[in-house]
Amino acid sequence: MGTGGHRDPAHVAGGAIRDRPHLLASWPRLLPMAPAFRLRPHGPASARGLEFDLATNLVGQPLVRQQVMKGLREFLENPNPVKPLVMSFHGSTGTGKTYVSSMLIRYLFQKGLQSPYVHHFSPIVHFPHAELIEQYKESLKRWIQGNLTICGRSAFLFDEMDKMHPGLIDVIIPFLGPSWVVYGTNYRKAIFIFISNAGGEQINNVTLALWRARKDREEISLQDLEPAISKAVFENPQSGFWKSGIINEHLIDFVVPFLPLKHHHVKQCVISELVQQGLEVRPGVVQEVADSIPYFPEEEKLFSSTGCKTVASRISFFF
Ligand SMILES: Nc1ncnc2c1ncn2[C@@H]1O[C@H](COP(=O)(O)OP(=O)(O)O)[C@@H](O)[C@H]1O
Ligand SMILES: [Mg+2]
């Protein structure tokens, strides 16, 4: 156990990280007495920048743009929020959840995910052992509290929530609600983002049903999806939110559903990737890469089973 309390990453990981020092590199860094002015100047410029970036680079996710922009504006425009901003990203693999979260963080913090005020947790790395859950609970609570004491505008990202042991995440409930202070710290300017595949199946089913009812993807509303997502994550022991007070007490401000991507979206991902790699955009290659990905359902083959996740690695096979 480290003597530095919440400032010692090995403490939070219950010693598991200390045994594998290379993993320390992936731990959120904490600078003692770090000044808060390294945050990006918050303001309309950040919101416009993100809006433009999402409009240009994110494909097929109208609800994501709408929800993330609402959340960001609220976060930027209110100097005295009544509670921290809590967003939860849901959708199946490769639909852009990690991509959008890092984009959002980039507009809020200099150095983006590398900022000392951005804390990125992944259960496999940081909470790997089920038997250490009580230790993780205590450490996670102290980690959040310690970091919010240093910088109230900190961000906490919980990726791969579906791999989180049920019960662990509820320890952060006191930080998410509308109380004035917890443990002597004002925590209402923080931002919490949860990311999970849980609810993805429900989103895919609703999107498919609406497609069959000849409803355009752009017409899908949050109300079509939100109840199904909340129910799914609350009732699924593998969601990380199983029977969680975070759902029950309605502590999530913005549920952000990521829809399954269609063939033409995958083609756009291929084009972006080719441009990024400095390769020539040949229509034949774009078509071939997009065709090589599996689509579901079996019959109509409408949606990519892996979103755009494998696009980058596939390109070399076709060049
Ligand atoms: N909707 C999207 N628009 C544009 N690119 C996307 C989209 N979804 C995924 N991608 C591309 O695929 C990669 C993998 O997506 P990622 O965000 O990691 O998926 P996940 O939802 O599983 O976190 C991203 O880095 C990005 O290049
Ligand atoms: Mg991801």
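# Reading a predicted protein model with one ligand

Me: Among contacts in the protein between residues at least 6 apart in sequence, what share joins residues at least 24 apart?

Reply: The share is 74%, taken over contacts in the protein between residues at least 6 apart in sequence. Keep in mind that this is a predicted model.

Me: How many helices and strands does the protein have?

Reply: There are 13 helices and seven strands. Buried residues account for 52% of the 319 residues. The accessible surface of the protein is about 14,800 Å², and carbon and sulfur atoms hold 55% of that surface.

Me: Is Ser-101 buried or exposed?

Reply: The cut-off for buried is a relative accessible area under 20%. Ser-101 has 2%, so it is buried. The residue is part of helix 4, which covers residues 97-108. Beyond its neighbours within four places in sequence, Ser-101 contacts Phe-89, Leu-157 and Ile-195.

Me: Where is Ile-105 found, and which residues is it in contact with, leaving aside neighbours within four places in sequence?

Reply: Ile-105 is also in helix 4. Apart from those neighbours, its contacts are Gly-112, Leu-113, Val-118, Ala-155 and Leu-157. A distance in sequence and a distance in space are read separately: Ile-105 and Leu-50 are 55 residues apart in sequence, with their C-alpha atoms 9.7 Å apart.

Me: Which element gives the most to the shell around ligand 1?

Reply: Helix 4 does, with three residues. The shell holds 15 residues, and those that come nearest are Val-59, Gly-94, Lys-97, Thr-98 and Lys-309. As for the site, ligand 1 takes up the space of the largest pocket.

Me: What does Asn-197 touch, not counting residues up to four places away in sequence?

Reply: Asn-197 touches Gly-91, Ser-92, Thr-93, Lys-97 and Asp-162. With Lys-97 there is a polar contact of 3.3 Å between the two side chains. Asn-197 sits in the loop between strand 4 (191-196) and helix 8 (200-212). Its relative accessibility is 35%, so the residue counts as partly exposed. Asn-197 and Thr-95 are 102 residues apart in sequence, yet 9.7 Å apart from C-alpha to C-alpha.

Me: Why does Pro-166 count as partly exposed?

Reply: Partly exposed lies between the buried and exposed cut-offs, that is, between 20% and 50%. Pro-166 counts as partly exposed because its relative accessibility is 35%. The residue is in the loop between strand 3 and helix 7. Setting aside neighbours within four places in sequence, Pro-166 contacts Ile-133, Pro-237 and Trp-242. The C-alpha atoms of Pro-166 and Pro-237 are 6.7 Å apart, although 71 residues separate the two in sequence.

Me: What is the phi of Glu-160 near?

Reply: Most residues other than glycine have a negative phi. Glu-160 has a phi near 50 degrees, a positive value. Glu-160 lies in the loop between strand 3 (155-158) and helix 7 (173-176). Lys-301 likewise has a positive phi near 50 degrees, and it is in the loop between strand 6 and strand 7. At 44% relative accessible area, Lys-301 is partly exposed.

Me: Is the peptide bond from Phe-296 to Pro-297 cis or trans?

Reply: Most peptide bonds are trans. The bond from Phe-296 to Pro-297 is cis, with omega near -10 degrees. Pro-297 belongs to the loop between strand 6 (295-296) and strand 7 (303-304), and Lys-301 is found in that loop too.

Note on methods
Residues are numbered from 1 along each chain as its sequence is written. Chains are lettered from A and ligands numbered from 1 in the order in which they are written. This is a predicted model: local features need pLDDT of at least 70, side-chain atom pairs count only at pLDDT 80 or more; totals for chains, interfaces and linings use all residues. Side-chain values use heavy atoms; hydrogens and water are left out. Helices (H or I, at least four residues) and strands (E, at least two) are DSSP runs, numbered from the N terminus. Buried means under 20% relative accessible area, exposed over 50%, partly exposed in between (1.4 Å probe, protein chains only). Contact means heavy atoms within 4.5 Å. A residue is near a molecule or strand if one of its heavy atoms lies within 4 Å of it. On a 1 Å grid over the protein atoms alone, a cavity is a set of points where a 1.4 Å probe fits but cannot get out, and a pocket is an open set with protein on both sides within 12 Å along at least five of seven lines; lining residues have an atom within 4 Å of a point. A molecule sits in a cavity or pocket if more than half of its atoms lie within 2 Å of its grid points. Accessible areas come from the Shrake-Rupley method with a 1.4 Å probe; for residues, only the protein chains shown count as cover. A polar contact is a pair of N or O atoms within 3.5 Å; within protein, one must be able to donate a hydrogen and the other to accept it, and residues adjacent in sequence count only if both atoms are side-chain atoms.
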